[in-house]
Amino acid sequence: MIARCAATDANSRGRRYAEPVHPYRNGFQRDRDRVLHSSAFRRLVYKTQVFVNHEGDLYRSRLTHSLEVAQIGRTVAGRLGLNQDLVEAICLAHDLGHTPFGHSGQDALNRCMRPWGGFEHNLQSLRVVEELEERYLAFPGLNLSFETREGILKHCSLAHARELGELGERFLSRLQPGLEAQLANLADEIAYNNHDVDDGLRAGLLTVEELAGVSLFRRHYDAVRRMRSRPSRRVLIHETVRRMINEVVTDLIEATAANIEAAAPASIEEVRERSRPLVRFSPEVAARHRELKLFLRQHLYRHERVLAMNRQARRVIAALFQRFMNDLRAMPAEHAARAVAWGQARGEAGRARAVADYVAGMTDRYAVAAYRRLVDPRLEWGN
Ligand code: MG
């Protein structure tokens, strides 16, 4: 299967700052490598996905989550004839803008930044690759291709879209992104829905009995349990989750191939102009996947232990933000200098943005250490 509307170097809209062609790597391979070598990527290892770092070494972090997303994305792209390098670049970069402590960190930072345009992790991922990474003499950020940046910006508010130029356009005119970006988005969902089942069971926040109410889980769980070999609980769960991923990935490939064949888009532009994404599950599997997602929202993301951690995380982020706004010099010199410069150019909004960039870039443990040093040494946090 070769999709005619896969991204290639030839049909790419290119980079903001023109660069000479590399002798043996294509444009999207270079994008992927730039993401992989960025400091923001390395920090993902100490950032929370759902479970905070100290709860155990076996839980997903943002880094391992991103690797799982990339693996699923590459597999589907390979089968559909889409650009695997582009999908991989988007997947590896998609969470670069996440704050410490997962979504609670982003909620807290968004609240702090409300007077100055708010904080959105998607937009922050884009800021990381466009501005905050400092690695090149010739340009700020990583100078990634348009298609990679388009994929990183999964969604954003209309107010922000208006400020984003060509990248914001599709949100204003309700266009779709390219197929690789559509795929990366679903690979993300597949990865977290399934690995959160695994992590939730491991943590004892979910039980197999509760999960048996979810059709996607139940069918595979029952099938594995009926096998004669009588697997241990660990194998039983891993077999089940593996089969769940296989079911949704296979469905995604088949449904998408059928969509592409029926729509027969002649170019990426035609893909963009469609009212719905072409990369999607069949209606039945979409419903099953949604059921799992709602289950996790109710039972895992709103579990009292997760909520308690979230409350504490929000306090840490809000207090750090305030502390730095009150005294820019409490930040490391380069961040303080940036806040002063942006403050001179854009007033309080500039200062606040520099503080938000600094706080957002922290890892969980760095944020906890900063809180203990600058706000309250008695903070109890893990061990
Ligand atoms: Mg993600």
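Q: Which residues of α12 are buried in this structure?
A: The general idea is that an α-helix has 3.6 residues a turn, so residues three or four places apart point the same way. In this model, which is predicted rather than determined by experiment, the buried residues of α12 are Ser 215, Leu 216, Phe 217, His 220, Tyr 221 and Val 224.

Q: What covers the buried residues of α12?
A: The cover includes α10, α11 (208–211), α13 and α15 (283–301). One of the buried residues of α12, Phe 217, is also listed among the residues with the most contacts inside the largest nonpolar core.

Q: How many residues does the largest nonpolar core have, and which of them have the most contacts inside it?
A: To read a core, one looks for buried nonpolar residues joined through side-chain atoms within 4.5 Å. Here the largest nonpolar core has 80 residues, and those with the most contacts inside it are Leu 96, Val 197, Leu 211 and Phe 217. Helix α10, which runs over residues 179–203, gives the most to this core, with 11 residues. There is also a second, separate core of 33 residues, which includes Leu 328, Tyr 358, Val 359 and Trp 381.

Q: Which residues does Leu 96 touch, not counting residues up to four places away in sequence?
A: With those neighbours in sequence left out, Leu 96 touches Val 35, Ser 38, Ala 40, Phe 41 and Leu 44, and also Ser 125, Val 128 and Val 129.

Q: Which residues of α5 are buried, and what covers them?
A: In α5 the buried residues are Gly 102, Ser 104, Gly 105, Gln 106, Ala 108, Leu 109 and Cys 112. Cys 112 counts as buried because its relative accessibility is 14%, under the cut-off of 20%. What covers the buried residues of α5 includes α3 (62–80), α6 (121–132), α16 (304–326) and α17.

Q: How far apart are the end C-alpha atoms of α17?
A: One way to read a helix is to compare its end-to-end distance with the span of a straight helix at 1.5 Å a residue. Helix α17 covers residues 333–361 and has 29 residues, but its end C-alpha atoms are only 15 Å apart, short of the 42 Å that a straight helix would reach. In α17 there is a kink of about 150°, centred on Arg 346.

Q: Which residues coordinate the magnesium ion?
A: The reading starts from the donor atoms around the metal, and here these are NE2 of His 65, NE2 of His 94, OD of Asp 95 and OD of Asp 188, at 2.1 to 2.6 Å. Along the sequence, the donor residues of the magnesium ion follow the spacing H-x28-H-D-x92-D.

Q: Why do His 94 and Asp 95 count as buried?
A: A residue counts as buried when its relative accessible area is under 20%. His 94 is therefore buried, at 6% relative accessibility, and Asp 95 is therefore buried too, at 4%.

Q: Where does Phe 101 lie, and is it buried or exposed?
A: Phe 101 lies in the loop between α4 (84–93) and α5 (102–112), and Phe 101 is buried, with a relative accessible area of 1%. Its backbone has a positive phi of about 65°, although Phe 101 is not a glycine.

Q: Where is Arg 230, and is it buried or exposed?
A: Arg 230 sits in the loop between α12 (215–225) and α13 (233–263), and at 74% relative accessibility Arg 230 counts as exposed. Arg 230 likewise is not a glycine, yet has a positive phi of about 45°.

Q: How many disulfides does the structure hold?
A: A disulfide is a covalent bond between the sulfur atoms of two cysteines. This structure holds zero disulfides. Cys 5, for example, is in no disulfide, and the nearest cysteine sulfur, that of Cys 91, is 18 Å away. Cys 5 is buried, with a relative accessible area of 2%.

Q: Where is Pro 177, and which residues does it touch?
A: Pro 177 lies in the loop between α9 (169–172) and α10, and counts as buried at 9% relative accessibility. Leaving out residues up to four places away in sequence, Pro 177 touches Glu 150, Arg 170, Gln 182, Val 271 and Arg 272.

Conventions
Residues numbered from 1 in each chain as written. Predicted model: local features only at pLDDT ≥ 70, side-chain atom pairs only at ≥ 80, totals over all residues. Heavy atoms only, no water. Helix = DSSP H or I, 4+ residues; strand = E, 2+ residues; numbered from the N terminus. Expected span 1.5 Å × (residues − 1). Bend = angle between axes of the 7 residues up to and from the residue. Donors = N, O, S within 2.8 Å, 3.2 Å for Na, K, Ca; no water. Buried < 20%, exposed > 50% of the residue type's maximum accessible area, 1.4 Å probe, protein only. Contact = heavy atoms within 4.5 Å. Disulfide = S-S within 2.5 Å.
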